[in-house]
Each structure stands twice: as structure tokens, then as C-alpha cells.
Amino acid sequence: MFEDIHRWFKKTFPKASFTSQIVKLKAEIAEFEEAEGDYAGRPSRLNYLKYQEELAYVVICAINLASFPEMQELIKEKMKINRARSFNGDEHIK
């Protein structure tokens, strides 16, 4: 699935940069948060579908961002930190 998303991304946005994708991700997160608020305030099937759609696009944007070498290096460094931590459920305790 990730490879398919990367192919689509490179074909659709050949001039995208690391910085432009950070901006895009932030915009999509804002749209997701708005859709989440709409669904919480007015639960309906339509609002739920919009909420799901926006969540999916946040993930797609994050996957696209991960294709850049700059992000891959940041992820490697963060994983070093994560591997050294202890976790209790979803939260780190050290």
C-alpha cells in the first residue's frame, strides 16, 4: 500500500518539497480536527464519513512526507530514542 501511495504522490506532485509537505500535513490535520469537531457536535453518517476521509488523508500525507530523505533521517533518530524508552501501554515511562 505504501508503495502505491508513493507512486501516486510522485506522479501527482512531482515538484513537492519536504517543506511543502510539512505545510500540507499541517493543513490536513486542521481539516481533520474540524471534521472531528463537526462529527462530535452533529453526529451523522455524513459527518462521520468526512471525519474518516480526513483521517485517511492525514495518514496519506504523513506517508508522502516519509518519502523524503530528511524525514527518514528524523524518523531514524526518533526511533533510537523510542527503542531506549520503557512503555506502559501507549505512554513512555522513561
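Guide: What follows is a set of questions on labels, each answered by setting a value against its cut-off.

Visitor: What kind of model is this, and how confident is the predictor in the chain?

Guide: This is a predicted model. The chain has an average pLDDT of 94, and 99% of its residues score at least 70.

Visitor: Where is confidence lowest, and where is it highest?

Guide: Strand S2, residues 91-92, has the lowest confidence, with a mean of 82. The highest belongs to helix H2, residues 18-41, at 97.

Visitor: Why are H1 and H3 called roughly perpendicular to each other?

Guide: Helix H1 (residues 2-12) packs with helix H3 (residues 45-65) at an angle of about 80 degrees. Angles of 65 to 115 degrees count as roughly perpendicular, so H1 and H3 are given that label. Their axes are 10 Å apart.

Visitor: Which residues meet where H1 and H3 pack?

Guide: From H1 come Phe2, Ile5, His6, Trp8 and Phe9, and from H3 come Tyr57, Ile60, Ile63 and Asn64. Sorted by class, this contact of H1 with H3 has 7 nonpolar residues, 2 polar ones and no charged ones.

Visitor: Why does Gln21 count as buried?

Guide: Gln21 has a relative accessibility of 8%. Buried means under 20%, so Gln21 counts as buried. Gln21 sits in helix H2. Leaving out residues up to four places away in sequence, Gln21 touches Phe9, Ala16, Asn64, Leu65 and Phe68.

Visitor: What makes Glu33 and Ala30 partly exposed?

Guide: Partly exposed is the range between the cut-off for buried, under 20%, and the cut-off for exposed, over 50%. Glu33 is at 47% relative accessibility, so Glu33 counts as partly exposed. Ala30 is at 41%, so Ala30 also counts as partly exposed. Glu33 lies in helix H2, and Ala30 is found in helix H2 as well.

Visitor: Why is Gly89 called exposed?

Guide: Exposed means over 50%. Gly89 is at 62% relative accessibility, so Gly89 counts as exposed. Gly89 is in the loop between strand S1 (87-88) and S2. From Gly89 to Phe18, C-alpha to C-alpha, the separation is 32 Å.

Visitor: How do you know that Gln72 is partly exposed?

Guide: Gln72 has 37% relative accessibility. That value falls between the cut-offs of 20% and 50%, so Gln72 counts as partly exposed. Gln72 is placed in helix H4, residues 69-84. Not counting residues up to four places away in sequence, Gln72 touches Ala66 and Ser67. The C-alpha atoms of Gln72 and Asp38 are 34 Å apart.

Visitor: Which residues make up the largest nonpolar core, and what makes them a core?

Guide: The core has 11 residues: Phe9, Phe18, Leu25, Phe32, Ala35, Tyr51, Val58, Cys61, Leu65, Phe68 and Met71.

Visitor: What is Tyr51 in contact with?

Guide: Apart from neighbours within four places in sequence, Tyr51 contacts Phe32, Ala35, Glu36 and Tyr39.

Technical notes: Residues are numbered from 1 along each chain as its sequence is written. This is a predicted model: local features need pLDDT of at least 70, side-chain atom pairs count only at pLDDT 80 or more; totals for chains, interfaces and linings use all residues. Side-chain values use heavy atoms; hydrogens and water are left out. pLDDT is the predictor's confidence in each residue, from 0 to 100. Helices (H or I, at least four residues) and strands (E, at least two) are DSSP runs, numbered from the N terminus. Axes are lines fitted to C-alpha atoms, for helices over the stretch in contact, and angles run from 0 to 180 degrees between N-to-C directions. Angles under 35 degrees count as roughly parallel, over 145 as roughly antiparallel, 65 to 115 as roughly perpendicular and the rest as oblique. Contact means heavy atoms within 4.5 Å. Ala, Val, Leu, Ile, Met, Phe, Trp, Tyr, Cys and Pro count as nonpolar, Asp, Glu, Lys and Arg as charged, and the others, Gly among them, as polar. Buried means under 20% relative accessible area, exposed over 50%, partly exposed in between (1.4 Å probe, protein chains only). A nonpolar core is a set of buried Ala, Val, Leu, Ile, Met, Phe, Trp, Tyr and Cys residues joined through side-chain atoms within 4.5 Å.
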